[in-house]
Amino acid sequence: MDYKSSLIQDGNPMENLEKQLICPICLEMFTKPVVILPCQHNLCRKCANDIFQQAANPYWTGRVGSAAMSGGRFRCPSCRHEVIMDRHGVYGLQRNLLVENIIDIYKQECSSRPLQKGSHPMCKEHEDEKINIYCLTCEVPTCSMCKVFGAHKACEVAPLQSVFQGQKTELSNCISMLVAGNDRVQTIITQLEDSCRVTKENSHQVKEELSQKFDTLYAILDEKKSELLQRITREQEEKLGFLEALIQQYREQLDKSTKLVETAIQSLDEPGGAIFLLVSSPGRGIVEASKGCQLGKIEQGFENMDYFTLDLEHVADTLRTIDFGTGHQ
């Protein structure tokens, strides 16, 4: 036995059919014309117009009025599927003639069947009396005997049908407002999600721009650093070249002087005056060399490189003050 057949066998088939013919908005049997939504759920066209009007205008609370004749959208109250309408509005929705025919057959069947005992609720205090009035004071349905002789004698009552219709209308309006409210909440959620996405994209963009600007600043600093280092290197090479050349001159002078000393010592070993005087020319060279050479010298502080010192404290202070121009931290 499948699920559908068990529904029919376990309960009254007419009651089961009636449940399938109830509009989810007005909670009453569908009123013709009946429209079928793209999601295959059905609505009274009047209810479909009401829910569309409520979705389009949150402050609209009427239950009657002209049908929407412009394009728009609302959500099915049964499955929340979005229904998109053309310029004909709810009149552009297809009528469900099959459901309308079933309603006609159902009403004919119900009118031809006698009222079964127990089909109407009976009063617990007066078992033979039907519940036919509503106690407004106690907010409970009751019977006429309870009003005349019973517990609700001093209470204010109203016809059951009028209270029933009023509360169903109120509930239907609340459902329409809730459905429209859900649509607005869903719209807000979508907008907030879009804001999250745009915020992430904007944040990524400004981070990229900031990184590019700092990379440019790093490149300028590296370029300036290389330039200043090259200037120091050139100065170093010039000074070292001068010092090395001067060292070479002094070494040559030292070699020359050493050879003169050796020659002079050999001259001292000559015993005869004539021979000594004949070879005394080295001696004159030694005399000249002993008076001191005229080679170049370096000035005091020649090796000092302090003039390449940079005072970057003001630059560092400026860098520390870098901040966004919008005032945000």
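Is Phe214 buried, exposed or partly exposed? Phe214 is partly exposed, at a relative accessible area of 31%, where buried means under 20% relative accessible area, exposed over 50% and partly exposed in between (1.4 Å probe, protein chains only).

**Figure 1. Overview of the predicted model.** This is a predicted model, in which local features need pLDDT of at least 70, side-chain atom pairs count only at pLDDT 80 or more, and totals for chains, interfaces and linings use all residues. Residues are numbered from 1 along each chain as its sequence is written, and side-chain values use heavy atoms, with hydrogens and water left out. The protein contains 9 helices and 7 strands; helices (H or I, at least four residues) and strands (E, at least two) are DSSP runs, numbered from the N terminus. Of its 329 residues, 21% count as buried.

**Figure 2. Confidence along the chain.** The mean pLDDT (the predictor's confidence in each residue, from 0 to 100) of the protein is 80, and 79% of the residues score at least 70. Confidence is lowest in helix 1 (residues 3-10), with a mean of 42, and highest in helix 9 (residues 313-320), with 92. Residues 1-10 have a pLDDT below 50, and this stretch has 5 contacts in the model beyond near neighbours in sequence; contact means heavy atoms within 4.5 Å.

**Figure 3. The hairpin of strands 3 and 4.** Strand 3 (residues 72-75) and strand 4 run antiparallel, joined by 4 bridges; two strands pair if DSSP finds at least two bridges between them. Between the two strands of this hairpin lie 6 residues, and Arg80 in the turn has a positive phi of about 70°. Phe74 stands opposite Val83 in strand 4.

**Figure 4. Aromatic pairs.** There are 3 aromatic pairs, counted where rings of Phe, Tyr and Trp (its six-membered ring) have centres within 6.5 Å; planes under 30 degrees apart count as stacked, over 60 as edge-to-face and the rest as tilted. The pair of Phe214 and Tyr218 is tilted because the ring planes stand at 55°, with centres 6.1 Å apart. These two residues are 4 apart in helix 6 (residues 160-268), and are therefore separated by about one helical turn. Tyr218 is partly exposed, at 45% relative accessibility.

**Figure 5. A charge over a ring.** The charged end of Lys239 sits over the ring of Phe302, 5.2 Å from its centre; the criterion is NZ of Lys or CZ of Arg within 6 Å of the ring centre and within 35 degrees of the ring normal.
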